[in-house]
Amino acid sequence: MTDTARIPESLHEQGEYNFAYLDEQTKRMIRRAILKGIAIPGYQVPFASREMPMPYGWGTGGVQVTAAILGRSDCLKMIDQGSDDTTNAVSLRGFFEKTAGVRTTCETAEASIIQTRHRIPEKDLREDQILVFQVPIPEPLRFLEPRETETRKMHALEDYGLMHVKLYEDIAKNGHIATTYAYPVKVNDRYVMDPSPTPKFDNPKIDRMAALQLYGAGREKRIYAIPPYTKVKSLDFEDYPFEIQKFDKPCGLCGAENVYLDEVILDDKGGRMFVCSDSDYCEERRADGHLGPMAADPAAARVGNTRTGETIR
Amino acid sequence: MNLFHAEDPLLQVHNVTRYYGDRIGCSEVSFDLWPGEVLAIVGESGSGKTTLLNCLSTRLAPTAGAIEYRMRDGAMRNLYQLTEAERRLLMRTDWGFVHQNAADGLRMSVSAGANVGERLMAVGARHYGNIRSTADDWLGRVEIDSERIDDDPRSFSGGMRQRLQIARNLVTQPRLVFMDEPTGGLDVSVQARLLDLLRRLVADLGLSVVIVTHDLAVARLLSHRIMVMRHGNVIETGLTDQVLDDPREPYTQLLVSSILQV
Amino acid sequence: MYVAVKGGEKAIRNAHKLTAKRRRGDTSVPALTLEQIAQQLAHSVARVMGEGSLYDETLAALAIKQARGDLIEAAFLMRAYRTTLPRFGYSTPVDTGTMLVERRISATYKDLPGGQVLGPTFDYSHRLLDFALAAEDDGAEQPVEMTDNDDQAMPRVTDLLGDEGLMEPDPVSDGGTPVGDLTREPLSFPADRDLRLQNLARGDEGFLLALAYSTQRGYGRTHPFAGEIRYGEVEVEFFAEELGFAVTLGAIKVTECQMVNQFAGSAQAAPTFTRGYGLVFGQAERKAMSMSMVDRSMRWQELGEEPVAPAQDVEFVLSHSDNIQATGFVEHLKLPHYVDFQAELDLVHRMRTEWFEKREQQEQGGAAQEAAQ
């Protein structure tokens with residue numbers, strides 16, 4: 001008979017986790033996968049993803065990668081949808097504050113490691129920075145071929161015709177390529193890779209980026225990487241070249257052009273404004289005195305104050 | 001006929017045997033196929049002709065025997081010693097495979113144009129306009145209206161699907177095409193049109209073809225040479241007209257007499 | 001300079017406080033104790049231990065309490081805790097033949113050595129709500145007559161069949177190929193039976209139940225007979241290198257199911273019965289039975305059967321059986337996606353504009369034609 005009344009000692013010891021939660025053995029395993037990924041740019045390295053205290057699909061891959069590379073002197077920035085204060089970014093930042101006690105920041109330039117979901121900061125990254133992506137579905141061929149056994153073979157044999165069939169269909173049916181995010185790229189002229197669900201607007205940034213890019217998919221147990229200054233080409237046709245989204249207005253708050261904008265609904269009468277998705281970038285520009293066309297609008301005050309994050313009560 | 005001008009065979013088959021457990025699929029089959037030659041494998045269902053076709057086309061590994069193919073560089077290679085990459089390249093460039101059921105050989109949910117263009121894209125074509133015009137040209141050659149280029153094969157009739165499958169296979173100008181009952185399941189009038197088209201394309205392109213059929217009329221119309229199979233064995237082989245007009249084996253005589261002469 | 005706006009942070013904190021409050025409910029009602037959960041919700045505890053892949057009734061009870069009775073959430077808590085535990089090694093295989101049996105039934109033999117032991121079960125009960133349980137005090141204990149069965153050996157039915165050569169032998173483990181561990185190595189395909197069974201043992205009960213059910217309805221039929229289901233306590237032993245012998249770590253309760261299935265034989269193998277195997281923590285017969293049926297279905301390749309049904313599709317089954325993974329990914333749709341949505345919004349705007357332009361042209365063209373006529 002099990003003694004159900006006895007509570008194990010360990011229940012009272014919560015909070016005393018290893019630095020950055022994962023044990024050192026696990027971190028070494030993840031680092032080996034990262035090194036292999038760097039050695040074969042764009043190749044998806046299987047790794048023994050651990051169960052994390054947040055759900056699969058909520059950043060467990062990125063968190064494991066970050067935990068494996070994080071040192072005590074690092075400064076961590078955590079963004080989701082380009083913003084530091086969306087709920088899950090707040091939650092994950094809190095996780096590392098609690099388990100690693102490292103310095104965190106919202107400033108892109110100040111961070112040595114930036115973990116992101118769905119965006120790349122507007123500001124150019126440097127060689128001494130690492131960008132960690134949270135990846136839901138690492139396999140760019142998955143929606144064309146659901147079988148892992150087959151997609152691995154296709155990568156091995158560089159059998160990527162099917163990918164172009166999809167792009168061909170887009171053009172034939174819509175007149176243009178209708179993929180707007182998770183836009184497939186070819187890395188170092190070899191592996192076709194999913195850049196995670198970032199908007200294709202961000203694709204040019206990953207080409208020859210100075211910073212190391214690490215991609216972690218926890219549920220799917222894959223890690224891949226793009227070393228600094230690696231050639232990354234967005235797939236396209238010669239006569240239908242890859243192009244990014246263009247916004248016909250500047251950011252309503254800071255007036256920035258050629259940045260990715262979020263549409264914010266101001267009222268139920270069709271009132272809208274477009275503001276920087278990268279909240280730190282927008283903030284810094286406004287601090288430097290840049291003002292957008294709607295900066296003075298009373299409706300914008302609310303948006304500006306919440307730093308374009310979610311409005312959550 | 002120009003088929004004997006070539007000095008070397010394209011395909012050499014040596015004692016190919018395939019067992020299913022202890023049951024024989026096909027046994028000790030040997031033959032050479034020459035460039036431009038159309039070989040028909042005939043027999044009733046269960047005679048081993050489809051097993052043989054699958055062995056030849058690397059879709060089913062034989063239990064014993066060897067199959068050699070002359071690659072584009074002229075070298076003879078054992079098909080079952082090719083790497084997976086070589087095999088795939090061969091299958092999507094130098095070979096074609098026409099299935100009885102077109103749905104097995106087409107992507108039913110992508111457009112006709114993409115179906116034809118897929119092989120081109122697989123070997124590196126990256127100009128949309130060129131891919132599309134090549135696809136359009138091929139649709140014309142198999143008598144499919146240009147206007148249907150963006151339609152899915154799901155909306156095509158059986159005969160059209162089969163013609164689309166043929167275009168999809170021929171777009172990379174293969175040298176060898178395998179066909180498994182390509183006219184099976186089609187109406188008689190549709191069959192006649194398809195056969196006529198096939199005969200024209202095969203002659204124009206100088207294709208080598210191995211065609212499996214239970215229909216001697218198809219064999220008569222398309223093939224130069226015929227191989228009769230029964231219980232997994234080849235029981236008679238020869239020039240098509242010769243075998244059909246003057247069958248030697250009693251079983252072949254039975255087969256021939258049971259159909260209307262074409 | 002900017003100090004992170006903690007609107008989100010505060011909201012999260014408050015949301016969690018509210019959850020804790022809701023979890024506790026009306027404070028005039030006594031709080032559940034872990035003992036109550038472990039003792040009185042044993043099937044929930046078994047499920048959470050099985051799918052949480054950690055045998056600990058107290059922790060499972062805590063997880064259930066914390067998760068407000070959401071068993072998948074509770075299993076998730078167990079998994080996340082489990083992953084932080086140090087790993088000392090692997091136990092030796094448990095011997096279910098020496099199980100201290102509390103329940104043992106066979107659908108294949110009316111009587112057999114050791115007999116049928118009905119034990120605790122819902123089977124043959126009438127599913128009528130027992131309003132007596134609604135009364136405050138339902139502690140009135142009814143004496144239960146126990147047949148003394150201690151000295152009778154209870155060989156496993158499959159072993160009895162095996163003695164006659166009618167059952168495929170238990171696979172002999174080959175020392176050269178260690179048993180895989182899908183918590184240490186990523187699952188890859190083709191996956192051998194060791195990994196398949198591990199995956200199924202942790203798999204979602206509902207998913208496996210539905211798959212097993214589908215095989216009974218013709219989607220990959222395997223003609224199963226419940227050869228034996230047994231539930232009871234088995235000892236877990238650990239081989240201590242330093243001592244040179246195995247020491248007992250403790251006892252766990254498990255349910256084992258061996259399904260006996262037809263096999264027509266092949267050129268190499270004579271016709272015989274084959275088995276599907278299920279083993280889960282606690283008393284969880286539905287899960288053990290489903291597991292054994294799905295296990296058998298996935299053995300089609302080794303037994304030369306045709307793959308025709310979802311339950312036979314190893315990659316499909318193993319990739320989707322884990323409810324912790326499944327719930328995470330389904331529920332991640334609650335996370336903000338407005339960057340992607342913005343991109344799609346832009347595309348839909350563009351496609352709509354093109355569509356209306358095209359239609360307008362067509363209408364104008366049509367009008368012009370009419371006018372010309």
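Guide: Let's start inside chain C, where α3(C) and α4(C) are roughly perpendicular to each other. Keep in mind that this is a predicted model. The axes of helix α3 (residues 42-52) and helix α4 (residues 57-66) of chain C cross at roughly 100° and come within 9 Å. On the α3(C) side, the contact is made by C:Ser44, C:Val45, C:Val48 and C:Met49, and on the α4(C) side by C:Glu57, C:Ala60 and C:Ile64. Sorted by class, those residues come to 5 nonpolar, 1 polar and 1 charged.

Now on to the place where chain C meets chain A. Here 68 residues of chain A are in contact with 56 residues of chain C. Together the two chains bury about 5,300 Å², and carbon and sulfur atoms give 59% of that area.

What holds charged partners across the boundary? There are 3 salt bridges between chain A and chain C. One to find on screen is the pair A:Glu51 and C:Arg79, whose closest N and O atoms are 2.6 Å apart. A:Glu51 sits in the loop between β1 (45-46) and α2 (60-69) of chain A, while C:Arg79 belongs to helix α5 (residues 71-82) of chain C, and the pair crosses between the chains.

As for the elements on the chain A side, α3 (87-99), α4 (148-156) and β11 (261-265) each supply at least two residues that touch chain C. Of the elements, α3(A) gives the most, with 5 residues. Taken as a whole, the side of chain A that touches chain C divides into 29 nonpolar, 18 polar and 21 charged residues.

One last stop, with chain B. Helix α5 (residues 161-174) of chain A and helix α5 (residues 128-141) of chain B have axes that come within 11 Å and cross at roughly 80°. That makes α5(A) roughly perpendicular to α5(B). Look for A:Tyr168, A:Ile171 and A:Ala172 on α5(A), and B:Tyr128, B:Ile131 and B:Arg132 on α5(B), which make the contact. By class, this contact has 5 nonpolar, no polar and 1 charged residues.

Key. Residues are numbered from 1 along each chain as its sequence is written. Chains are lettered from A and ligands numbered from 1 in the order in which they are written. This is a predicted model: local features need pLDDT of at least 70, side-chain atom pairs count only at pLDDT 80 or more; totals for chains, interfaces and linings use all residues. Side-chain values use heavy atoms; hydrogens and water are left out. Axes are lines fitted to C-alpha atoms, for helices over the stretch in contact, and angles run from 0 to 180 degrees between N-to-C directions. Helices (H or I, at least four residues) and strands (E, at least two) are DSSP runs, numbered from the N terminus. Angles under 35 degrees count as roughly parallel, over 145 as roughly antiparallel, 65 to 115 as roughly perpendicular and the rest as oblique. Contact means heavy atoms within 4.5 Å. Ala, Val, Leu, Ile, Met, Phe, Trp, Tyr, Cys and Pro count as nonpolar, Asp, Glu, Lys and Arg as charged, and the others, Gly among them, as polar. Buried area is the accessible area (1.4 Å probe) that two parts lose on being put together, summed over both. A salt bridge is a side-chain nitrogen of Lys or Arg within 4 Å of a carboxyl oxygen of Asp or Glu.
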